[in-house]
Structure formats: C-alpha cells, structure tokens
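I opened this model to look up its backbone angles and its charged pairs. My entries follow the structure.

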Amino acid sequence: MNQKLVAVIDYGMGNLRSVSKAAEHVAPSNTKIIITNNPDEIAQSDAVIFPGQGAAKACMSALEQTGMIHPIQQAAKEKPFLGICMGLQVLMTSSDENNGIKCMNVIPGTVKHFDFEENSPLKTPHMGWNQIHQTQEHALWHNIPQDSRFYFVHSYYVKPDQADYIIGETTHGLTFPSALSHNNLFAIQAHPEKSADHGLQLFKNFLQWNGQ
C-alpha cells in the first residue's frame, strides 16, 4: 500500500502540535503526517491541512516571507485541503481586519467583524462551544450528527460571494458560515483539534477523503 503524505502547514501561527497529534491519532496506517514550511513538501504532499490562529495581516505576512502563498493556492485547487480557523479566513479575497487586508482569493468573498452594540450581552471574540448546522451533505460530515458542538475562538467571520460554498452555519448574534467547501477544499471556522470526538471524526473523515 502506497504511503499517503499529509502536510500540516507551519507559518509560525498555528496550533500545530495539537492539530498534527489529533490527525495522527485517527490516521490510517499508511498515512504520514508532517509539519512543514517547505513549499516543495507542500507541493509533493497528497493532502494539506492549513491550521491557523491570530491576525490575518500577520498570517499573510508570514506566508509571504516563507514563499508559501502560491503552493497553498495550488494545493487548495488540486488535492484534499482542510483549512482551520485563520486557515479558512485567509483563503478569502480580503479581510476587514486592519482597515482591509488582501488575502489569497482562493474563495471569492470577504471576512467581516462581529459588530455588536456596546451593551450587547454577546461578546467578541466568539469563544467556546457552539453548534454547527450542516446545510449540505459532505463526506467530512460523516458520523458527525446534525448540530454537533465544536469549539470556536474568533472575532471575524467569512462571507463568501457564492452561497453554495456554505456547508455549515453557526449562530452568534447572527448566523454566519462556519464551514465552506468547494470541490477538493473543506474549511471550517471552528477548531476540530479542540472539539473532542466530533473534531477527531472530522480529521478521520478528511484523511480518508479523496477530495471528491
């Protein structure tokens, strides 16, 4: 059986160890998980996990410095690709953060801030456990019940230009897209590596997915 190589992208701002450990925990025996910032290793991998946390501006700057923007854009079009949190947001065209940040334009759309009134009981960041309502069937939802709870930490949310990219929604004051998919790409705002059994199931599904 041929070995499957899965690259976890390291740009200095992700929850890398816990992401890779979660993936390794559920990986089939023929799957090797590597953490890398090497564009060649990303290009040679069979699948890519793109985790992230922090700010979009710092993320894009780090990706530019390591030469990873083009390899990530290519991987997101060509092979099974899982974006997590900031690894979802910087796939969009732009972010409202810092008065406007140009992102990777893999998914047409913008990243918006949660703007609640000062006296609102709703807080930013949106942090803690919340439900994801699956709006479309997908291989990565396999064995994950409808409205399962995942762990979130974010102050911005994505707004794709095309609604058919949305495969999961979550409500925090407003209902926002919490999972997007297009062809071989799946990206989620929540942190599956912090989401107990449902998060592990998502990694398991991804590692068995051929991108179709």
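**Backbone entries**

I looked up Asn143 and found it in the loop between β8 and β9 (148-154); strands here are DSSP runs of E, at least two residues, and helices are runs of H or I, at least four, both numbered from the N terminus. I note that the model is predicted, with pLDDT of at least 70 needed for local features and 80 or more for side-chain atom pairs, while totals for chains, interfaces and linings use all residues. Residues are numbered from 1 along each chain as its sequence is written, and side-chain values use heavy atoms, with hydrogens and water left out.

Asn143 is not a glycine, yet its phi is positive, about 65°. I read Asn143 as exposed, at 56% relative accessible area (exposed is over 50%, buried under 20%, partly exposed in between; 1.4 Å probe, protein chains only).

Asp147 also has a positive phi, near 65°. Asp147 sits in the loop between β8 and β9 and is partly exposed at 30%. Most residues other than glycine have a negative phi, and most peptide bonds are trans.

I then found a cis peptide bond between Thr124 and Pro125, with omega about 5°. Pro125 belongs to the loop between β7 (107-113) and β8 (126-134).

**Charged pairs**

How many salt bridges are there? I count two, taking a side-chain nitrogen of Lys or Arg within 4 Å of a carboxyl oxygen of Asp or Glu.

Glu24 and Lys21 form one at 3.7 Å, N to O. Both lie in helix α1 (residues 16-26), three residues apart.

Lys112 and Asp96 form another at 3.2 Å, N to O. This pair links distant parts of the chain, 16 residues apart: Lys112 is in strand β7, and Asp96 is in the loop between β5 (92-95) and β6 (101-102).
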